[in-house]
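Biologist: I am new to this model and would like to know what the terms rest on. Could you set each value against its cut-off?

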Amino acid sequence: MGTVISVEIAAGGSPALLDAAFAWFHEVDARFSTYRENSEVSRFDRGEVPISAASDDLRLVLARCADLWGETDGYFDGYATGRFDPSGFVKGWSVQVASDRLLAAGATDHCVNAGGDVRLRGHSPAGRPWRVGIRHPWNAQATCHVVEGTDLAVATSGVYERGHHVVDPRRGRPASGLRSVTVVGPDLGTADAYATAALAMGPAGARWLSRLDGWDCVVVTDEGRKLSSAALPSAA
């Protein structure tokens with residue numbers, strides 16, 4: 001998936017669960033990587049895999065992307081770049097699935113992190129709620145905010161590593177106005193898609209996120225202004 005993934009189990013389960021988690025991520029990469037010409041999603045995009053022959057996972061992702069298009073007024077668009085690319089949902093979704101499986105197998109306390117998209121369950125090895133530092137958009141060695149909790153999904157979409165790679169589907173060009181968007185809530189796939197959609201909206205994305213029940217956010221504008229939900233703790 002073009003990123004680094006880490007899994008930390010603080011309590012419960014067994015070491016074999018780590019092997020199962022990474023086997024799942026390799027499966028997702030083989031199926032959904034847009035960098036692989038022979039992945040299922042690349043073959044689907046070229047018309048070589050019809051819906052009738054698609055895997056259950058691909059059909060699920062297609063259906064969820066269609067739902068998210070409606071939920072975000074079209075700003076989450078798997079076809080925004082001209083080809084089908086569900087990466088803005090798939091990374092978070094795959095981590096959510098891995099976390100759900102770990103929990104079901106008895107790993108009650110764990111953290112799964114895929115390139116800054118994080119699913120937290122239970123407590124850290126120190127016995128305290130997990131703490132996630134949100135990277136400062138202009139300083140890779142600093143944080144601009146801290147999120148703390150025992151059952152949270154934290155997804156960030158930003159321009160500080162890959163540039164303005166998120167396309168505003170209404171204008172057909174890279175979105176601008178926001179430097180980074182972090183969404184916090186109960187499901188990482190949805191949080192990932194909402195963060196992507198808000199970044200595509202530009203400055204209006206912060207207002208859109210503030211109206212979503214059950215979701216919190218941290219938004220940094222291109223001018224350096226930080227906007228955050230009152231429920232989230234600020235970094236010291």
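Biologist: Which residue stands opposite V219 in β11?

Modeller: L227 stands there. This is a predicted model, in which local features need pLDDT of at least 70, side-chain atom pairs count only at pLDDT 80 or more, and totals for chains, interfaces and linings use all residues. Residues are numbered from 1 along each chain as its sequence is written, and side-chain values use heavy atoms, without hydrogens and water.

Biologist: Why is β10 called mostly covered?

Modeller: Buried means under 20% relative accessible area (exposed is over 50%, partly exposed in between; 1.4 Å probe, protein chains only). In β10 (residues 216–221), 5 of the 6 residues are buried.

Biologist: Which strands are the edges of the sheet, and what makes them edges?

Modeller: The open sheet has 7 strands in the order β1-β2-β3-β6-β9-β10-β11, with antiparallel pairing. β1 (5–11) and β11 (226–228) each pair on one side only, which makes them the edge strands. Within the sheet, β3 (residues 117–121) and β6 (residues 151–158) share 4 bridges, and R119 stands opposite A153 in β6.

Biologist: Why does S99 count as buried?

Modeller: Its relative accessibility is 0%, so S99 counts as buried. S99 lies in helix α4. That helix (residues 87–104) lies across β1, β2 and β3, running at about 20° to β3.

Biologist: What makes the link between S99 and H110 a polar contact?

Modeller: A polar contact is a pair of N or O atoms within 3.5 Å; within protein, one must be able to donate a hydrogen and the other to accept it, and residues adjacent in sequence count only if both atoms are side-chain atoms. The side chains of S99 and H110 are joined at 2.7 Å, and those of S99 and R121 at 2.5 Å.

Biologist: Is Q96 buried or exposed?

Modeller: Q96 has 6% relative accessibility and therefore counts as buried. This residue also lies in α4, and its side chain reaches the backbone nitrogen of L188 at 2.9 Å. Its contacts (heavy atoms within 4.5 Å) include R119, R121, P186 and D187.

Biologist: Why is α1 called roughly perpendicular to α3?

Modeller: Helix α1 (residues 16–32) and helix α3 (residues 56–71) pack at about 70°, with axes 11 Å apart. Angles of 65 to 115 degrees count as roughly perpendicular (under 35 is roughly parallel, over 145 roughly antiparallel, the rest oblique), so α1 is roughly perpendicular to α3.

Biologist: Which residues meet there?

Modeller: From α1 come W24, E27, R31 and F32, and from α3 come D57, L58 and V61.

Key:
Axes fitted to C-alpha atoms, helices over the stretch in contact; angles between N-to-C directions. Helix = DSSP H or I, 4+ residues; strand = E, 2+ residues; numbered from the N terminus. Pairing = 2+ DSSP bridges. Lists of a residue's contacts leave out its neighbours within four places in sequence.
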